[in-house]
Amino acid sequence: MLKITDLLDFKTLSESADLEFKLALGQDGNGKLPKDFWPTYSAMANSRGGYVILGIKEKAGTFIPVGIPNPKKVVTELFDTLNNPSKVNVNLINDKNVQVVLIENKSILIIRVPAANRLQKAIFLQNNPSWL
């Protein structure tokens, strides 16, 4: 699992094909899995895997932890959707791949997306392989 323990760790990270940051506050501000998580999940699963870190805001190229007020709600939504075959054809994530860390008293959610093996590929969304 990716180790992030303080703000200094964020200064050494940047988005790439295997690392993405997302805000994940939702309209009510209590936390919601972003809709754009799913194309990221599919892309990472179909390549080398990676990490999605939720509760992070980008401002002028700097990543700022804003936290998720209710990370348990977001984790429940994650697993409910992953286990819904009409949304995602293969769930690659288990409890060991999800971690909540506190940075400056803000809950940040780190999700490791494993790479799918050749028998699991292709990972696609909405029962539609054209999402690839």
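Predicted model: local features only at pLDDT ≥ 70, side-chain atom pairs only at ≥ 80, totals over all residues.

Modeller: Residues are numbered from 1 along each chain as its sequence is written, and side-chain values use heavy atoms, with hydrogens and water left out.

Colleague: Why is H2 called largely enclosed by the rest of the structure?

Modeller: Because seven of its 10 residues are buried. Buried means under 20% relative accessible area, exposed over 50%, and partly exposed in between (1.4 Å probe, protein chains only). Helices (H or I, at least four residues) and strands (E, at least two) are DSSP runs, numbered from the N terminus. Among the buried residues of H2 are Thr40, Ser42 and Met44.

Colleague: What do the buried residues of H2 pack against?

Modeller: Strand E1 (19-22), E2, H3 and E6.

Colleague: What makes phenylalanine 37 and tryptophan 38 an edge-to-face pair?

Modeller: Rings of Phe, Tyr and Trp (its six-membered ring) pair if their centres lie within 6.5 Å; planes under 30 degrees apart count as stacked, over 60 as edge-to-face and the rest as tilted. Here the centres are 4.9 Å apart and the planes are at 90 degrees, so the pair is edge-to-face. Ring pairs also link Phe37 and Trp38 with Tyr41 in a cluster.

Colleague: Which residues does phenylalanine 37 contact, leaving aside its neighbours within four places in sequence?

Modeller: Contact means heavy atoms within 4.5 Å, and phenylalanine 37 has Lys22, Val52, Leu78, Ile93 and Ile111 in contact.
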